[in-house]
Amino acid sequence: MIAHLLGNGNSNKFYTKTQGTVYACNWPTHEFMYDYLCMIDGLAIKYIHKNHITPKVPILCTQNCKEYQIRKQLDWDVRSVFTTTNRPRFNSGHHTVKYICEQKHPPLGIHLWGMDSMYSKDLSSQMDEHVPRNNRPPLNNQWHPHWIELFTANPNILFTVHIPKGESLSVKAKNLQAETH
């Protein structure tokens, strides 16, 4: 089995429909079909609620997002499966990869699309047009070590990051490879 995680970086445009379970982060602006929506950001769940959007797939989230759904009595399939960590800046991609890897039958491979911070300093997100971020610290300083820890902790899973031609990964692990487009 293969899993695909669609992040909100510009390189998610390289994604093409293939076999496997597809997870999307936050509220995607792309038109790709996905099996699960993954949120840790309360602003994302508030955005879809305030804009009268009803997700058609289960939302995998933190307990805070689940509590928002309960408080607002939203008829959505919301599953609190992401545990809050004491690690600063553990983003929705990190949570989703950790969740996928912890399944009873984890996949043989996880393809990461739209994870531009793994090869560039561009931290913009397609979610920014819905939930503007006025001040974004240098998150790679915190994100990269989390990625390395996740990859290293799951040596039997091959992680593939999809990146533009001419780029190279800033994150390194034995079970990590880049596929250029």
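Biologist: What am I looking at?
Modeller: A predicted model, where local features need pLDDT of at least 70, side-chain atom pairs count only at pLDDT 80 or more, and totals for chains, interfaces and linings use all residues. Residues are numbered from 1 along each chain as its sequence is written, and side-chain values use heavy atoms, with hydrogens and water left out.

Biologist: How many helices and strands does the chain have?
Modeller: Four helices and eight strands. Both are DSSP runs, numbered from the N terminus: helices are H or I with at least four residues, strands are E with at least two.

Biologist: In what order do the elements run?
Modeller: From the N terminus, β-β-β-α-β-α-β-α-β-α-β-β.

Biologist: What share of the chain is buried?
Modeller: Buried residues make up 50% of the 181 residues. Buried means under 20% relative accessible area, exposed means over 50%, and partly exposed is in between (1.4 Å probe, protein chains only).

Biologist: And the surface, how much is there?
Modeller: The chain exposes about 9600 Å², with 49% supplied by carbon and sulfur atoms. The areas come from the Shrake-Rupley method with a 1.4 Å probe; for residues, only the protein chains shown count as cover.

Biologist: What about contacts between residues 24 or more positions apart?
Modeller: They account for 48% of the contacts with a separation of 6 or more. Contact means heavy atoms within 4.5 Å.

Biologist: Let's go to helix H3. Where does Thr96 stand, buried or exposed?
Modeller: Buried, with a relative accessible area of 0%. Thr96 lies in helix H3, residues 92-101.

Biologist: What does Thr96 contact?
Modeller: Leu5, Tyr23, Cys38 and Phe82, leaving aside neighbours within four places in sequence.

Biologist: Ser92 is in that helix too. What does Ser92 touch?
Modeller: Ser92 lies in helix H3. Not counting residues up to four places away in sequence, Ser92 touches Cys25, Asn26, Cys38 and Ile40. Ser92 has 6% relative accessibility, so it counts as buried.

Biologist: How far is Ser92 from Cys61?
Modeller: 8.5 Å in space, C-alpha to C-alpha, and 31 residues in sequence.

Biologist: You listed Asn26 there. What is its phi?
Modeller: Near 55 degrees, a positive value in a residue other than glycine. Most residues other than glycine have a negative phi. Asn26 sits in the loop between strand S2 (21-25) and strand S3 (36-39). At 12% relative accessibility, Asn26 is buried.

Biologist: And His52, what is its phi?
Modeller: Also near 55 degrees, and positive. His52 is in the loop between helix H1 (42-50) and strand S4 (59-62). His52 is exposed, with a relative accessible area of 73%.

Biologist: Switching to charges. How many salt bridges?
Modeller: The count comes to two. A salt bridge is a side-chain nitrogen of Lys or Arg within 4 Å of a carboxyl oxygen of Asp or Glu.

Biologist: Which residue pairs with Asp77?
Modeller: Arg79, with the closest N and O atoms 2.8 Å apart. Asp77 is partly exposed at 37% relative accessible area. Arg79 is partly exposed as well, at 34%.

Biologist: What does Glu102 pair with?
Modeller: Lys98, the closest N and O atoms being 2.8 Å apart. Glu102 is exposed at 52% relative accessible area, whereas Lys98 is partly exposed at 22%.

Biologist: Why can such side chains pair?
Modeller: Because side chains of opposite charge can pair when their charged atoms come close.

Biologist: Which residues form the positive surface patch?
Modeller: Lys46, Lys50, Arg71 and Lys72. Patches are made of residues with over 30% relative accessible area and no salt bridge: like charges are joined within 9 Å, nonpolar side chains (Val, Leu, Ile, Met, Phe, Trp, Tyr) within 5 Å. Lys and Arg count as positive and Asp and Glu as negative; His and the chain ends are not counted. The place of a charge is taken as NZ of Lys, CZ of Arg, CG of Asp or CD of Glu.

Biologist: Where is Lys72?
Modeller: In the loop between helix H2 (63-71) and strand S5 (78-82). Lys72 is partly exposed, at 42% relative accessible area.

Biologist: Last stop, helix H2. What does Lys66 touch?
Modeller: Lys66 is in helix H2. Lys66 touches Cys61, Val78 and Ser80, not counting residues up to four places away in sequence.
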